[in-house]
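I opened my notebook beside the sequence and the model. These are my entries on what I looked up.

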Amino acid sequence: MLLTDCHTHTEISPDSQAALSAMCRRAQELHLQAYAVTDHIELCRWYSQGYYQTMPRNEEDFFDYAARWERSVQQNLLARDLLAGKMQLINGIELGEPNADFGLAQSLYQDKRLDFVIASLHELPDQLDFYFLDYQKENPDALLEDYFSILLEISRKNCFDVLGHVTYPLRYIAGEAGIKINMQKYTDMLAECFRNVIHQHKGIELNTSGYRQKYGRPFPDEDLLKLYRDLGGKILTLGSDAHQPADLGGGIAQGQELARSCGFDQICYFLHHEPHFIKL
Ligand SMILES: [Zn+2]
Ligand SMILES: [Zn+2]
């Protein structure tokens, strides 16, 4: 039985065309106990184009996420009321690049209408999303070193409930480009990151999108999930990162199994930034 899906997108995200109504229908078919809508809000592009005095870096470089923020919060509130008594809809956001403006990130996190914030890092400062990089030309280890050091900075801030897909660059470096990475080098940084999260009574997510991608594994994979557990991590959300109804709940069954095998006996969802536990 699928319990929750706490990382999903709708057409408010530039990379999704899914209507929230269609996503909700699918979530009800799956009998999810909790379903979080977490559209992309990229903090490096919060303001309109004029503010940045720059041209879009490519055709997928969008500005004015402030407007999307308001649309998303309103859309989810409406849907939550419509579904009341039938399914728990969680009003969430995937807050990308909070390091672009930690002050703003922390104040957005305080928005009382929100239940849940996933903090994600999709790109390094002044670079494109890892999705767009050419790994034959880049130095993957240098990129990962920068990525994990920024993630470490984020883990110290009070601007999220869970850290999203903590090994995101591996989707492209290891998955798409097929480059072997020795993750041992980053274990200390990730352990410190997890300690910060635990100390703040926050959590991480097990993002199951990798199961249906070339990478074939979740973000993070077993070793890091065990490390988080061994350090005392208890707050774990599961999310498919679905951008269309067909992917909703994708990999969640495997994720639940993996979490159990790594020593978790419960998973979480968030309401008003408070963790609620469900037995695995
Ligand atoms: Zn993401
Ligand atoms: Zn996402």
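**Entry 1: Ala 79**

Is Ala 79 buried or exposed? I looked it up: Ala 79 is buried, because 20 other C-beta atoms lie within 10 Å. The cut-offs I used: buried means 20 or more other C-beta atoms within 10 Å of the residue's own, exposed means 12 or fewer, and partly exposed lies in between, with C-beta atoms placed from the backbone.

I note that this is a predicted model: local features need pLDDT of at least 70, side-chain atom pairs count only at pLDDT 80 or more, and totals for chains, interfaces and linings use all residues. Residues are numbered from 1 along each chain as its sequence is written, while chains are lettered from A and ligands numbered from 1 in the order in which they are written.

I found Ala 79 in helix H3, residues 65-83. Helices (H or I, at least four residues) and strands (E, at least two) are DSSP runs, numbered from the N terminus. Leaving aside neighbours within four places in sequence, Ala 79 is in contact with Leu 20, Cys 24 and Leu 89. Contact means that two C-beta atoms, placed from the backbone, lie within 7 Å. Ala 79 and Ala 191 are 112 residues apart in sequence and 38 Å apart in space, C-alpha to C-alpha.

**Entry 2: the whole chain**

I counted 9 helices and 9 strands in the chain. The radius of gyration is 17 Å, close to the 19 Å of the globule rule for 280 residues, so the chain is as compact as a globular protein of that length. That radius is taken over C-alpha atoms, and the rule is 2.2 Å times the number of residues to the power 0.38. The C-alpha trace spans about 50 × 50 × 35 Å along its principal axes. Of the 280 residues, 46% count as buried.

Next I looked for the core. The largest nonpolar core has 73 residues. Such a core is a set of buried Ala, Val, Leu, Ile, Met, Phe, Trp, Tyr and Cys residues joined through C-beta atoms within 7 Å. Ile 90, Leu 95, Val 117 and Leu 163 have the most contacts inside it. I followed Leu 163: beyond four places in sequence, Leu 163 touches Ala 119, Leu 151, Ile 154, Ser 155, Val 197 and Ile 204. In soluble globular proteins, nonpolar side chains tend to be buried together.

**Entry 3: the sheet**

In what order do the strands of the open sheet stand? I read off S1-S2-S3-S4-S5-S6-S7, 7 strands with parallel pairing. S1 and S7 are at the edges with a single partner strand each, so one side of each has no neighbour in the sheet. Strands pair if DSSP finds at least two bridges between them. S6 and S7 pair over 4 bridges. Ile 204 has Leu 236 in S7 as its bridge partner.

I went through H9, residues 252-261, where Ile 252, Gly 255, Gln 256, Leu 258 and Ala 259 are buried. They cover an arc of only 165° around the axis, so they sit on the same side of H9. The arc is that of the directions from the helix axis to the C-beta atoms. On the other side, Glu 257 and Ser 261 are exposed. The cover over the buried residues includes S1, S6, H8, S7 and S8.

After H9 comes Gly 263, with a positive phi near 100°. Then I reached the hairpin. S8 and S9 pair in the antiparallel sense over 6 bridges. Phe 270 stands opposite Pro 275 in S9. With 2 residues between the strands, the hairpin has His 272 at a positive phi near 45°.

**Entry 4: loops**

Where is Glu 97? I found Glu 97 in the loop between S3 and H4. Its phi is near 55°, positive in a residue other than glycine. Glu 97 is buried, with 23 other C-beta atoms within 10 Å. His 31 also has a phi near 55°, but His 31 is exposed, with 11 such atoms within 10 Å.

I checked one peptide bond. From Phe 219 to Pro 220 it is cis, with omega near 0°. Pro 220 lies in the loop between S6 and H8.

My last stop was Tyr 47, in the loop between S2 and H2. Tyr 47 counts as partly exposed, with 15 C-beta neighbours inside 10 Å. Tyr 47 and Asp 64 are 17 residues apart in sequence and 4.5 Å apart in space, C-alpha to C-alpha.
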